[in-house]
Amino acid sequence: MASFITEVLTSSGKLEKEDLSTKISKLSRKVVDTKEDICDMINKRYSEFLPSLQGAEELMGQVNHVSQEIDVLKDCIETEVLQNIHVNMAEYEKLKQQLQRNTVIITMLGHLKEFHQAMEDFGKALLEKNYVKAAKQLERASGNVDSLEEKSWKSSELPLLRSLSSELNVQRENFIYQMGEEWKTLAMWKLPSSQESIEIKSFVRTELHLTLGCSKDEEQSPPALLCSLVQALAIQGVLHHKMKRFTQILLKNMLKPLIMYPTLLVIVMEQLGEGTILAVQSLEESYMEHPSPSQVYTKLLIVLRTLHSHLLNVSVGEKKLSGILGDLIWEEVSHCIIHKCLLYSIPTNSSQLEKYNTVIKETEEFEKSLREMQYLHGESTELLKYARDVNCHYASKKCKDVIVAARKLMISNMHNTIRITPDSKLALPNLPNPGSGTRNKEKTPPMDQMSLDNDKQLAVQTMCLPACYISESVQQIMELALTTLCEAVESSPSCATQLFITVRNIFQLFYDIVPTYHEENFLKFPYLAAIQYNNCMYLAHHLLTLGHQFRPHLHPLSEGVVTFVDMVPSFRKLGAHCFLAQINVQKAEILERLYTARNFSNVDDEGNYTAASKAVRQVIHQLKQLGTVWQDVLPPSIYCKAIGSLLNTAISEVIAKITMLEDISSEDGKHLHTLCQTIIEEGPLVFIPLAEEIRNKNYQEKVLIYVKKWIKFGELVIVLRASLQEIVNRWAEGKGPLALEFSSSEMKSLIRALFQNTERRAAALTKIK
């Protein structure tokens, strides 16, 4: 037993010299073997000492003691083994980190070597003007720097990376600059001074020098230098910027001026050994204000074909350089062509629309040429769409021109007038026969040949305007509306609808603009107010029949509402409102003049009589002046109503002032009678609406119709010089002419004012009931 333990302990000292795992395995086997030996020993001892029970107990005690020693030994071995494992693991981690660091250093040195090699190759390629190789080598060097920057380095290694990045950026900028200078030699601009104003003369100085010649063999590839330069610019990511800058100069100094100015043209000059020059030149004069589409397309194709042959026929990936330029310029070029050329080529007459097919074909050929050079991709463009929509644009342009012309007429001078009579008619163009279609197959006789079935016929001048004066501009507005409707008859359905709506807009515009624009003049000048009244009535008259005249010919609208009748009440109201406003101004002036008459009181005083007489004379003069202004301008009936209304206002004020007097002496009555007699005699003389004096007599005799208070005023004039008995007799117990005009209270007030308080007056008052 002692030798076994000694052997175990002796063997344990050799662990450091042998492999730990192997020794542990050996120890385990020995322990197992020892246990087996002990068991065998125990079995042998047990068989030997079986007879003796005391011997067996002693043996068991020894076995337990040996087992405890074995357990202690095992714990000691395991503790020492674990300590050795931790030490070896720490040493292993240290070696591993050292290996990783050495690996990174080796990788870094590899990147540095590749960076150095790439930069050397870059320099050689740059000297040889092999720009594609130089660009790739620069990208290779950049990739090495990026790989180095992705690693984690100690602070002592950061200056190296900064130096590499700085060197790379410097070389890249130098490379881009050198390629830019090379690009300038291939496409060099000669531009006008920036201080010069943007005029036609300044664009004449624009030239583009292209140094690479055009090969006669169209299938031959572009020059290697150009291909190399373009691809290198693309690799460096600056091609788009370079093309954008080139495009801006091309648009501003060549393409747009050639589109906008018909006097500018472009020529191509071939210089032997020096390349080609695109130069903008100017004609001495041009009869056109805007260039035709054919001219514009020709000039642009000269420029774009030359660029394609000398500069842009280079592939960049899956796209040509011409395609890149096309993407950059097409939107602005097409927009400029539309608004500076095609817009002005739209016909002004529907008869010219068919000829516009030539422009559409020219536009198609222009775009086809651009697609062949790969400036354009796809089929549908705004330019061709605009050209094909000529009918819509024609209608829009026509409508705009019509509205502009109508507005110009509406704000023009209204003093220029023309006389219209019941026989006056607008010149209506010949319209197609509505019976030629499928809607109306029966021929309708002309209006002047139609007759009623019964014997009673309408008067010849029924539904005719009375003689009056209107503004010349209003007649022109009406003619413009008729011309536009005739255009609608000859136009396509969509255009016809748009033109019809435009005609309605003309009249709506008149309704909105004229009263506002001329408002001050309508209130200030009676003549213009009368003209405006006539203008509105003239338009309302034609609006009644305008839709009926054109309805059979506007087929797309014939089933709908082709009418202007709904506007008639508005125009009549507009004219009446304008003229009534002027009437109210004149009434206010009449009342203001009569206010200076000092209420017609105490006219026996010379000063009061003079004031009253002056006021009456001023009113009569005002009415005569208005008669002169309105004479023969307004229709006779309207003139008489207007003058009658003003005269009625004057005599109503005189009646009111006299009936309010509380005391009228005999001398006052005499003077008041004289003043009123003046109005009686001269009032009817203002009813002269016509220039021929003889024809006015009928209107002067109808003063009772136009002046409501005329009879009452006449009765007042009689009362001022009548006796009490004459007054009572004219009252006739409430049935006489006085009773028809005055109330009993008014008559009693007049009697009290005119006569002294006597029994006769009291008796007369009792008879006024």
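Where does Gln-374 lie? Gln-374 sits in the loop between helix 11 (357-372) and helix 12 (382-388). Helices here are DSSP runs of H or I with at least four residues, strands are runs of E with at least two, and both are numbered from the N terminus. Phi of Gln-374 is near 65°, a positive value in a residue other than glycine. Most residues other than glycine have a negative phi. Gln-374 counts as partly exposed because its relative accessibility is 31%. Buried means under 20% relative accessible area, exposed means over 50%, and partly exposed lies in between, with a 1.4 Å probe and protein chains only.

The model is predicted; local features need pLDDT of at least 70, side-chain atom pairs count only at pLDDT 80 or more, and totals for chains, interfaces and linings use all residues. Residues are numbered from 1 along each chain as its sequence is written, and side-chain values use heavy atoms, with hydrogens and water left out.

Ala-732 belongs to the loop between helix 26 (724-731) and helix 27 (737-741). Its relative accessible area is 32%, so Ala-732 is partly exposed.

The protein chain contains 29 helices and eight strands. Of its 769 residues, 41% are buried. Contact means heavy atoms within 4.5 Å. Among contacts in the chain with a separation of 6 or more, 75% join residues 24 or more positions apart. The accessible surface of the chain comes to about 44,300 Å². Carbon and sulfur atoms hold 53% of that surface. Accessible areas come from the Shrake-Rupley method with a 1.4 Å probe; for residues, only the protein chains shown count as cover.

Helix packing comes next. Two packed helices are described by the angle between their axes and the distance between the axes. Axes are lines fitted to C-alpha atoms, for helices over the stretch in contact, and angles run from 0 to 180 degrees between N-to-C directions. Angles under 35 degrees count as roughly parallel, over 145 as roughly antiparallel, 65 to 115 as roughly perpendicular and the rest as oblique.

Helix 19 (residues 568-595) packs against helix 21 (residues 636-659) at an angle of about 30°, with the axes 10 Å apart. The two helices are therefore roughly parallel to each other. Their crossing is right-handed. A crossing is left-handed if the near helix is turned anticlockwise from the far one by less than a right angle, and right-handed if clockwise. Helix 19 contributes Phe-579, Ile-583, Gln-586, Lys-587, Ile-590, Leu-591 and Leu-594 to the contact. Across from them in helix 21 are Ile-638, Ala-642, Ser-645, Leu-646, Thr-649, Ala-650, Glu-653 and Val-654. By class, the contact of helix 19 with helix 21 has 10 nonpolar, three polar and two charged residues. Ala, Val, Leu, Ile, Met, Phe, Trp, Tyr, Cys and Pro count as nonpolar, Asp, Glu, Lys and Arg as charged, and the others, Gly among them, as polar.

Helix 21 also packs with helix 22, at an angle of about 170° and with axes 12 Å apart. That makes helix 21 roughly antiparallel to helix 22. The crossing of this pair is left-handed. Leu-647, Ile-651, Val-654 and Ile-658 of helix 21 meet Leu-672, Cys-676 and Ile-679 of helix 22. The contact of helix 21 with helix 22 divides into seven nonpolar, no polar and no charged residues.

Helix 22 (residues 666-682) has a further partner in helix 20 (residues 606-630). The axes of helix 20 and helix 22 come within 11 Å and cross at roughly 5°. Helix 20 is therefore roughly parallel to helix 22. Residues of helix 20 in the contact include Tyr-609, Val-616 and Ile-620, and those of helix 22 include His-671, Leu-675 and Ile-679. The contact of helix 20 with helix 22 has six nonpolar, four polar and three charged residues.

Two buried positions complete the description. Val-266 is in strand 3 (residues 264-271). Its relative accessible area is 6%, so Val-266 is buried. Not counting residues up to four places away in sequence, Val-266 touches Leu-258, Leu-278, Ala-279, Val-280, Lys-299, Ile-302 and Val-303. Val-266 and Ile-302 are 36 residues apart in sequence, with 7.4 Å between their C-alpha atoms.

Ala-406 lies in helix 13 (residues 390-410). Ala-406 is buried, with a relative accessible area of 0%. Beyond residues up to four places away in sequence, Ala-406 touches Ile-477, Leu-480 and Ile-506. The C-alpha atoms of Ala-406 and Ala-481 are separated by 8.9 Å, and these residues are 75 apart along the chain.
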